[in-house]
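This briefing concerns a single predicted model. It is intended to be read alongside the sequence and the coordinates.

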Amino acid sequence: MTERVRVVGVGEAALDHLGVVDRYPEQGTRQNVVALSIQGSGSVSTALAVLAQFGLDADFIGKVGDDAFGRFIRDSLKATGVNVKGMAVQADRMSPYNFIIAPEGRGRPTILHTAGDVAALSPNEVDLSIIDGANLLVLDGYQVDVQVAAAERANAAKVPVVLYATQVSEGMGELLALSNVLVASERFAAELAPRGESEDSLLELSKMGPETVVVTIGEEGSVGLQGQKLVRQPPLHVNVTDTIGAGNVFLGGFCYGLTQDWSLERSMLVATAAAGLSCKSLGARGGIPSLEEALALT
């Protein structure tokens, strides 16, 4: 019997209310929404939802409150096939929440965010032994104490570590040093390695620890560096409904490629296909494609 591939993720998870409007309302007016969706969100948790959709086993470690938001976050993630037994729940606290106003078409959304008041997840609240025997560990750069502990455990167990970074935060340098792969936003790369050419930024980031570095650059696609190999992956052209969460879906698709020992080129191509297909639907998880759908575009 073939052994199942399993990915563990540690990160934040939130609840999203998404409202699509044909125009932004003026102050003091009432504006009807064209479409409304309620979804779970979060970079690592959404990436794990992609991996579960692609047929892998996925375990999420995070923390929410015991409020209605927290229950929805856990239940909606579980419904995607992700194991949420490693999630901690704190009593009498509000979970992370986003209200997103998205204009019809390709306009940029406005996000109203609260982190809630759930205390930071600590290593003694979760059983990090779940990492032992996994094929991959995925982190998002938040909850630094527990993520450093998770990365150290993964290093000791010879489990590759993927760090997804969208903004520079405390402890990021330590996490970079413990990571094998970095998938970063253009903003993160510009802040941490501000160089004129993308190749120079990738090289600077790789010197901080990761052997493979991929930077997503929005409508220009992505660029990756692995040793001496530089890969530029243009975006796929699809009818865009919404781009929220596309980077998280890209992360999931790329991680799938890592578990299959694909080349950097193929991993980036399939990740791009998955992200592009997700943009045809509203929300971070509303349009996660199947593996077959993503492969059909490659």
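Helices H1 and H7 pack with their axes 7 Å apart, and four strands, E3, E2, E7 and E8, form an open sheet.

- Strand E11 (residues 181–185) runs parallel to E12, and five bridges join the two.
- Within this pairing, Ala184 has Val215 of E12 as its bridge partner.
- E12 is also joined by five bridges to strand E13 (residues 222–226), here in the antiparallel sense.
- Val215, the partner of Ala184, stands opposite Val223 in E13.
- The hairpin of E12 and E13 has five residues between the strands, and Gly218 in this hairpin takes a positive phi near 60°.

**Strand E4 and Phe60**

- Strand E4 comprises residues 57–61 and includes Phe60.
- E4 is mostly covered, with four of its five residues buried.
- Phe60 has a relative accessible area of 1%; it counts as buried because this lies under the 20% cut-off.
- Phe60 and Val34 are 26 residues apart along the chain, and their C-alpha atoms are separated by 33 Å.
- Strand E1 (residues 6–10) runs parallel to E4, and five bridges join them.
- Val10 stands opposite Ile61 of E4.

**The sheet E3-E2-E7-E8**

- The four strands of this open sheet are arranged in the order E3-E2-E7-E8, with mixed pairing.
- Strand E3 (35–41) and strand E8 (110–114) are the edge strands, each of which pairs on one side only.
- From one strand to the next, the twist averages 15°.
- Strand E2 (residues 14–21) pairs with E3 in the antiparallel sense over seven bridges.
- The bridge partner of Ala14 is Ser41 in E3.

**Packing of helices H1 and H7**

- Helix H1 (residues 43–53) packs against helix H7 (residues 246–259) at an angle of about 50°, and the axes are 7 Å apart.
- This angle makes H1 oblique to H7.
- The crossing of H1 past H7 is right-handed.
- On the H1 side, the contact is made by Ser43, Thr46, Ala47, Val50 and Leu51; on the H7 side, by Asn248, Val249, Leu251, Gly252, Gly253, Cys255 and Tyr256.
- By residue class, the contact of H1 with H7 has seven nonpolar residues, five polar and no charged.

- Most residues other than glycine have a negative phi.
- Asp92, which is not a glycine, has a positive phi of about 60°.
- Asp92 lies in the loop between strand E6 (88–90) and strand E7 (97–103).
- Asp92 counts as exposed because its relative accessibility of 70% is over the 50% cut-off.
- Gln143 likewise is not a glycine and has a positive phi, of about 50°.
- The loop that holds Gln143 lies between strand E9 (136–139) and helix H3 (144–156).

Definitions and conventions:
Residues numbered from 1 in each chain as written. Predicted model: local features only at pLDDT ≥ 70, side-chain atom pairs only at ≥ 80, totals over all residues. Heavy atoms only, no water. Buried < 20%, exposed > 50% of the residue type's maximum accessible area, 1.4 Å probe, protein only. Axes fitted to C-alpha atoms, helices over the stretch in contact; angles between N-to-C directions. Parallel < 35°, antiparallel > 145°, perpendicular 65-115°, else oblique. Left-handed = near helix turned anticlockwise from the far one by under 90°. Contact = heavy atoms within 4.5 Å. Nonpolar A, V, L, I, M, F, W, Y, C, P; charged D, E, K, R; others polar. Pairing = 2+ DSSP bridges.
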